[in-house]
Amino acid sequence: MLLFSDLSVMLGRSLWYIFRSMDTIITATVTPIGPLLLFVYVFGGTIQSGTANYVNYVLPRIFLVAIASGTSYTSLRLFTDVQRGIMERFRSMPIASSTLLWGHVLASLVFNAMSLLVIILVALLMGFRSSVGLLSRLAVVAILALVTLALTWLAVIPGLTARSIDGAAAFAYPLICLPFISSALVPTRSMPPVVRAFAENQPGTAIVNTIRALLAGTPVPREIWLALVWCVALLLVAYFFALRVYNKRVP
Amino acid sequence: MRGVESAVEPGRIFALLDSNGAGKTTLITILSTLLRPDRGTTIVCGFDVVSQPAQVRQSISLTGQFAAVDELLTGRENLIMIARLRHLQQPRQVADELLARFDLSEAANCQVATCAGGMRLRLDLAISLVGTPPIMFLDEPTTGLDPEGRLEVWKVVKELADGGRTIFLTTQYLDEAEQLADQIAILHQGKIIACGTLMELKQLFPPAKVEYVEKQPTLEEIFLTIIGKKEAY
């Protein structure tokens, strides 16, 4: 019960941070919407994706980019907490040690949900359509939430360990770039063998293909298991390391 | 850090002085449960820091160099947040009482980041009083403050000790320890090499020689007189 009350205070604090800095929501939303516009209206005409609606094809990848850049704010906020010393105050108080981290992580779920909603609205304006049932939609939401949770816990680690604010932010860049080497933008068959092997086996591809199939209403590929295993494994490893780093932290 | 043996009496101000890098930071982090000691026993308020960290955290508050206030929140929000984390029944009421007591009406509704240093420190002290923990760690509370802010903090610290709280103070300013502390310990190369009241420490030296020295006002006295604050210590 006390744990729950501590957690609600911490979550409230983290959410307050988000709503006081609306610019971060705008940045986190615009960063992926830019490429969305670019790929659909600039490159989309020449890319042969095999689907009639290129917005539908590219949207899952845009989701991943949005989540990757959105979770980097968790690194930044945690880094600031460490720098300003508010972390040590909380750690010297009688509250469960992981509540501060959970507060940031849950707030990141809310933050990313908001930015994904805006992206979906823009995509609808651009012609995104999906006529699948409620169950498939919920499955997409669940997968996106799982990806966000895993990436946020991953983002906690640089937030706690970075020596500079640039270092804390830099972790997101490779994650944002990763979806480019996948089937997220173009089918993989045109790539050289090595790149193709990487593209077809990296977690981003499995996640993107699963979401794409769920939204299109086509049979869900077996890759869904690969996607889930990747996410859960990443979540567990990142969570374990984040807590380890947090409990070992010395000012 | 090796062989620090010391006991602090309740209701007193205990000042820890150290030569550079002698281990003051390590000592504070161990006492406030942030760092596990390699060996030895550390008892804070009757609780062992290794086996009963939760009880220790219940009995202490940490203020100063490491533990900060939340800069994006207002003064009142900071107090309410800490009161809720200490599971007090009426966090808002606690916050309002402390705001009044520490003369923090200015800081109540504006972001802490915009407050003056002295105001911020008073808020920091007010926060460390939430839930009235019996022991307060003040880690270099006046470092970087202007003379006025320093006097403000001294006044508050004295009031707190008069109210029965035990205060563990670290400082780089020797005059600060001289002004405030009931008991002074000197930490050198990880060891406490001297400990006692100011009088006791003075007795370690040969009796004072009587010399006539013309009394010049210190710069601090001049500064405070010019700006119209005569209640110098």
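Colleague: What is the order of the strands in the open sheet of chain B?

Modeller: The 6 strands run 4-5-6-1-7-8, with mixed pairing. Strands (DSSP runs of E, at least two residues) and helices (H or I, at least four) are numbered from the N terminus, and two strands pair if DSSP finds at least two bridges between them. The model is predicted: local features need pLDDT of at least 70, side-chain atom pairs count only at pLDDT 80 or more, and totals for chains, interfaces and linings use all residues. Residues are numbered from 1 along each chain as its sequence is written, while chains are lettered from A and ligands numbered from 1 in the order in which they are written.

Colleague: Which strands of chain B stand at the edges?

Modeller: Strand 4 (60-64) and strand 8 (191-196) of chain B each have a single partner strand, so one side of each is left without a neighbour in the sheet. Strand 8 of chain B pairs with strand 7 (183-188) in the antiparallel sense over 5 bridges; B:Lys191 is the bridge partner of B:His188.

Colleague: How are two packed helices described?

Modeller: By the angle between their axes and the distance between the axes. In chain A, helix 3 (54-84) and helix 6 (134-161) pack at about 35°, with axes 8 Å apart. Axes are lines fitted to C-alpha atoms, for helices over the stretch in contact, and angles run from 0 to 180 degrees between N-to-C directions.

Colleague: How many residues of chain A are in contact with chain B?

Modeller: 19 residues of chain A are in contact with 20 residues of chain B (C-beta atoms, placed from the backbone, within 7 Å). Helix 1 of chain A gives the most to that side of chain A, with 7 residues.

Notes: Two residues are in contact if their C-beta atoms, placed from the backbone, lie within 7 Å.
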